[in-house]
Protein chains: 2
Amino acid sequence: MIPTRSTSEIPGAPLPSPSHPIDAAPARRPGGRSAQVRRRVLDAVRDQLVEQGYDALSVDVVADRSGVHRTTVYRRWRDVGGLLADVLAEATGDDWSPPDTGSLEGDLVAVNREVHAALTGDPPITTALIAASFRSEQAGEALRLFWADRYARCSVIVRRAVERGEVPARTDARRLLVAATAPLYHEMVLLRTPAGPDLVERWAGDAATAARAGAFAAAGAADPMTDPG
Amino acid sequence: MIPTRSTSEIPGAPLPSPSHPIDAAPARRPGGRSAQVRRRVLDAVRDQLVEQGYDALSVDVVADRSGVHRTTVYRRWRDVGGLLADVLAEATGDDWSPPDTGSLEGDLVAVNREVHAALTGDPPITTALIAASFRSEQAGEALRLFWADRYARCSVIVRRAVERGEVPARTDARRLLVAATAPLYHEMVLLRTPAGPDLVERWAGDAATAARAGAFAAAGAADPMTDPG
């Protein structure tokens with residue numbers, strides 16, 4: 001999943017306008033000079049990627065666009081792969097946690113809404129990063145780590161569902177979470193079939209139904225009501 | 001799904017060695033001169049894509065590699081997008097149909113095994129085509145049509161399951177088929193997490209469990225045993 005706080009943000013991290021952190025509030029220097037440089041450079045990467053695509057992405061272009069000296073950008077990020085990896089590392093480093101709505105289906109619907117928002121976001125930074133992951137091995141690995149982190153954070157959804165007795169105790173969290181989210185990614189990214197809000201909810205509901213029926217449970221799974229653990 | 005007859009084949013179409021159709025059996029002229037030219041050109045596209053990637057793909061390179069005159073290739077396929085679209089159109093034009101194993105789970109496992117074989121194929125033509133679909137709008141559209149055709153053909157799996165009384169009568173075929181296959185594509189293509197044979201079968205089994213429990217059924221779905229329609 002690629003959660004966002006709004007459709008105009010990149011995965012799990014705010015996407016301020018490129019000029020904001022430096023020009024609008026130079027006195028606060030949030031995070032210091034190094035953090036400001038990083039913010040400017042990563043904003044430039046995202047803007048360039050969304051506006052011109054991967055082919056027009058280069059260290060020189062990012063340096064020019066961000067106003068950061070080329071030497072600095074080369075030293076710290078080395079190449080396009082390093083820049084893309086850091087965009088995703090920044091998103092991984094946020095404090096996102098999945099919504100807690102009180103039910104498994106509600107939680108899965110909420111996550112899928114965030115995925116849908118990310119995949120239909122404007123600017124389309126998420127789809128641009130996915131496309132870039134097929135060009136840069138480093139970006140592919142960073143995206144892999146980003147998603148691994150997101151799915152791990154979401155495992156609390158399954159833990160809560162087990163505690164509520166909604167699903168069998170030995171339900172495999174990752175399998176359930178992938179089942180709920182994969183159809184959405186598959187339809188929208190690979191099959192290129194727009195999914196409306198109803199489908200977003202249906203995929204979540206289908207996965208919840210499956211989980212309640214004992215899918216995703218390891219062999220020998222027991223009912224949490226009769227099995228202590 | 002991208003079914004293959006073996007791991008060395010492209011989606012649903014045989015992948016002979018580039019020189020075979022012309023050089024090894026020139027007397028037979030299967031399909032005539034035009035079909036031979038197409039075979040040589042599309043073989044060259046696949047070989048070039050797998051060996052050098054999208055960036056090294058051009059009409060001129062394909063013409064040189066296939067031994068077909070550049071003018072012919074430009075006239076018939078126009079550009080790289082046209083070449084990629086025809087590779088996928090050729091795959092769509094085959095006579096593939098999904099396996100009939102006698103049970104919903106068996107059929108889904110068989111389909112997922114074909115998807116897995118395609119995604120781990122050597123040469124990796126399927127993953128190369130997926131990557132190319134993010135570069136060429138025409139290739140993306142052709143891949144969309146290819147998959148739409150494959151999912152439509154697979155709907156017979158769900159029809160048979162309904163007839164056997166395995167799943168509710170109003171089970172949505174596409175939703176069930178996407179649920180069975182999407183996790184495999186998601187794990188292997190986007191999440192870049194290798195899926196072993198056990199996971200390939202588990203995703204199919206999870207989808208079958210979900211379908212039996214009434215997931216993927218339209219609102220008001222009825223049990224086929226008690227509802228005639």
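Colleague: What rotation superposes chain A on chain B?

Modeller: This is a predicted model, in which local features need pLDDT of at least 70, side-chain atom pairs count only at pLDDT 80 or more, and totals for chains, interfaces and linings use all residues. A rotation of 180° with 0.0 Å of shift along its axis superposes chain A on chain B, with an RMSD of 0.0 Å (least squares on the C-alpha atoms of residues with pLDDT of at least 70 in both). That is the relation of a two-fold axis.

Colleague: Which C-alpha of chain A is nearest the axis?

Modeller: That of Ala210(A), which lies 2.1 Å from the axis. The same surface serves both copies, since 100% of the contact residues of chain A recur in chain B, where contact means heavy atoms within 4.5 Å.

Colleague: Switching to pockets, what is the volume of the largest pocket?

Modeller: About 570 Å³, where a pocket is an open set of points on a 1 Å grid over the protein atoms alone, where a 1.4 Å probe fits, with protein on both sides within 12 Å along at least five of seven lines, and lining residues have an atom within 4 Å of a point. The volume is the space filled by probe spheres set on the points, which are joined across faces, edges and corners.

Colleague: Which residues are closest to its centre?

Modeller: Of the 22 lining residues, they are Phe134(A), Arg135(A), Thr127(B), Ala128(B) and Ala131(B).

Colleague: And the second largest pocket, which residues are closest to its centre?

Modeller: The second largest pocket has a volume of about 390 Å³, and of its 18 lining residues the closest to the centre are Thr127(A), Ala128(A), Ile130(A), Ala131(A) and Phe134(B). Residues are numbered from 1 along each chain as its sequence is written, and chains are lettered from A in the order in which they are written.

Technical notes:
Side-chain values use heavy atoms; hydrogens and water are left out.
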